[in-house]
Structure formats: structure tokens, C-alpha cells
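Here is a short tour of a protein model, written to be read with the coordinates open beside you. Please keep the viewer at hand.

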Amino acid sequence: MNYLKAIGVPFEMICSNYTVLFKSEFLERKFVHSMQGNRAFACFAKLKSDLDKKQKPDIDMNDISYFVHDFKLNEYVGNVVNIDLKSAYATVLYRDGYISKGTFEYICKGTKQERLTSVGMLASKKQHFTFDKGSITGVKEIISPYSNYFFYCVKRTAEIMADLKEIAGNSYLFTWVDGIYIRPSTNTVEQMQKYIIQLNYNYSTEQLRNFEVKIKPKFVTVSFEKYSKGKWIEKPFNLPHANTEFKRLIVDAILSRKLKVNK
């Protein structure tokens with residue numbers, strides 16, 4: 001970029017989630033900053049092939065939420081149960097008739113990273129910059145035509161999480177994307193599992209310990225210990241305050257959109 005700016009020729013710079021492309025009359029170079037396996041792109045190709053045959057869903061971005069919590073005070077909870085939907089977004093697309101059984105099974109046979117990447121590609125975006133005489137002359141954002149399918153998955157998953165929250169009642173702690181955290185209650189866990197099974201979704205249930213909430217000025221810190229590979233591992237992460245808007249990221253920030261946070 002510095003070379004092309006220095007010589008003053010017109011050129012384009014196109015930045016995606018995984019690459020940066022430079023184009024001019026005499027040069028075209030692509031740089032990869034996040035390598036993805038061929039299978040992830042094969043999964044995405046199958047998704048596109050199925051979705052091209054379907055009517056695109058209408059999505060109101062004000063209906064999109066990735067997390068729900070109402071933590072206001074520091075609290076040590078101790079033992080906690082986490083229930084996660086497995087392959088949530090791919091399952092939404094399959095159960096709601098957007099992709100075929102063959103495509104769904106192909107995606108699910110891959111690794112978790114391949115699933116996240118291929119579905120995340122539905123909401124990919126590119127920043128297109130044009131330069132001339134060393135200065136920027138134009139900027140535009142190119143959003144994937146498949147974005148609404150991705151946000152449909154977000155919306156539908158949030159609806160399922162809301163139903164599980166209602167079942168959890170007073171045991172409920174918080175929701176993060178496709179996972180819900182509750183205080184231990186055998187009866188509540190069984191009811192929640194029964195509801196998920198009725199929807200024909202797969203899920204996992206984990207026992208966590210030393211769950212603690214700390215309220216900070218700009219975010220809420222949640223920490224807990226998760227048993228993995230024969231030992232307990234601490235898993236801290238931060239939640240935006242429930243009265244603020246936050247801009248995501250899936251895998252990690254896929255698009256910058258204003259999101260509604262429900263209490």
C-alpha cells in the first residue's frame with residue numbers, strides 16, 4: 001500500500017475477513033491474514049447452492065440479540081450448569097428448511113472451526129477503498145447477499161434461548177449466543193433438555209464450578225472453571241453491560257451492527 005501510494009497511481013484495496021487484495025493497472029497482489037481449510041469453503045459452497053433456491057428471510061436488526069443478562073452486583077455463585085446447543089446455526093438452517101439434509105450432514109462431519117467459518121461466511125463483508133495520487137478517493141462496504149440467512153440463525157437461536165430462560169425461571173443466570181447458564185437444579189435441567197429434544201436439536205450439558213460475577217465500569221467479568229482433559233481450567237470472559245449496545249464479532253466479529261440487548 002505504501003509503495004502504490006508513493007508512486008501516486010490509482011489503485012484499489014479490498015479487505016475481507018481473510019484477505020487483502022491490491023489492484024492497479026500493472027499489479028494485483030492478494031495477502032492472506034487468516035488461513036482457512038478447503039473444506040470450510042466447500043461447506044460454504046454447499047450452503048450457497050441450497051440457499052440460492054430459497055426465498056431470503058426478512059430480518060429486522062432490532063430483533064437481533066446475542067446475549068442476555070441482568071447482573072448488577074458482584075456475586076459468587078459456585079456450581080453452575082451450562083447447556084449448549086450444538087451446531088446451532090447449521091441446525092436452524094436445516095430444521096427450518098433452508099438447507100438439505102445432505103448439506104447439513106456434510107457440515108456437521110467437519111470440525112467446529114469449519115462449521116463456524118462456513119456459516120460465518122454468510123455474513124461476510126468487504127471494505128473497498130480506492131486511492132489516487134496517494135490519497136483515499138472512495139470507501140464502500142460490500143455486504144454478502146446471504147447475510148440475512150446468518151441473522152435469521154441468530155434470531156431463531158435467540159428465540160430458543162428465550163424459551164429455555166423461561167423454563168429455567170429463578171435458576172437462570174445468563175445467555176451467551178447458543179449457550180445458557182443456570183444454577184444447579186436437576187428438575188430444571190431435565191425440563192430444558194426435554195424442550196431441546198422436542199425441537200430435535202443436539203445439545204451438551206456441562207457442570208462448571210467457582211462461577212463468579214464482578215461488575216466493572218465498562219463490562220461485567222464472568223469467570224468459572226471448566227473440566228477439560230483431566231483438569232479444571234479457568235474460563236474468564238467479559239460481557240457488555242445489559243444497558244449498553246455492543247458490536248459483535250461470531251467468529252468473531254463478523255459484522256458491525258447495532259444489536260438489541262434484552263433483559
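This is a predicted model: local features need pLDDT of at least 70, side-chain atom pairs count only at pLDDT 80 or more; totals for chains, interfaces and linings use all residues.

Residues are numbered from 1 along each chain as its sequence is written, and side-chain values use heavy atoms, with hydrogens and water left out.

**Aromatic rings**

Let us begin with the rings: the structure holds 19 aromatic pairs. Rings of Phe, Tyr and Trp (its six-membered ring) pair if their centres lie within 6.5 Å; planes under 30 degrees apart count as stacked, over 60 as edge-to-face and the rest as tilted. Two of the edge-to-face pairs are shown here.

| Pair | Centre to centre | Angle between planes |
|---|---|---|
| Phe44 and Tyr146 | 6.4 Å | 80 degrees |
| Phe150 and Phe151 | 5.4 Å | 85 degrees |

The pair of Phe44 and Tyr146 links distant parts of the chain, 102 residues apart. Phe44 belongs to helix H2 (residues 38–51), while Tyr146 lies in the loop between strand S7 (135–143) and helix H6 (147–168). Helices (H or I, at least four residues) and strands (E, at least two) are DSSP runs, numbered from the N terminus. Phe44 counts as buried because its relative accessibility is 13%, and Tyr146 does so at 14%. Here buried means under 20% relative accessible area, exposed over 50% and partly exposed in between (1.4 Å probe, protein chains only). Phe150 and Phe151 are both buried.

Elsewhere, Phe71, Phe174, Trp176, Tyr181, Phe211, Phe224 and Phe237 form one aromatic cluster.

**A helix with a buried face**

In helix H4 (residues 101–108), the residues Thr103, Phe104 and Ile107 are buried. Seen down the axis of H4, its buried residues fall within an arc of 100 degrees, so they line one face of the helix; the arc is that of the directions from the helix axis to the C-beta atoms. These buried residues pack against H2, helix H3 (88–95) and helix H5 (112–120), where contact means heavy atoms within 4.5 Å.

**The sheet**

Now for the strands: five of them form an open sheet in the order S3-S2-S1-S6-S7, with antiparallel pairing. Strand S3 (28–32) and S7 stand at the edges with a single partner strand each, so one side of each is left without a neighbour in the sheet. Strands S2 (residues 19–23) and S3 run antiparallel and are joined by five bridges; two strands pair if DSSP finds at least two bridges between them. Thr19 stands opposite Val32 in S3.
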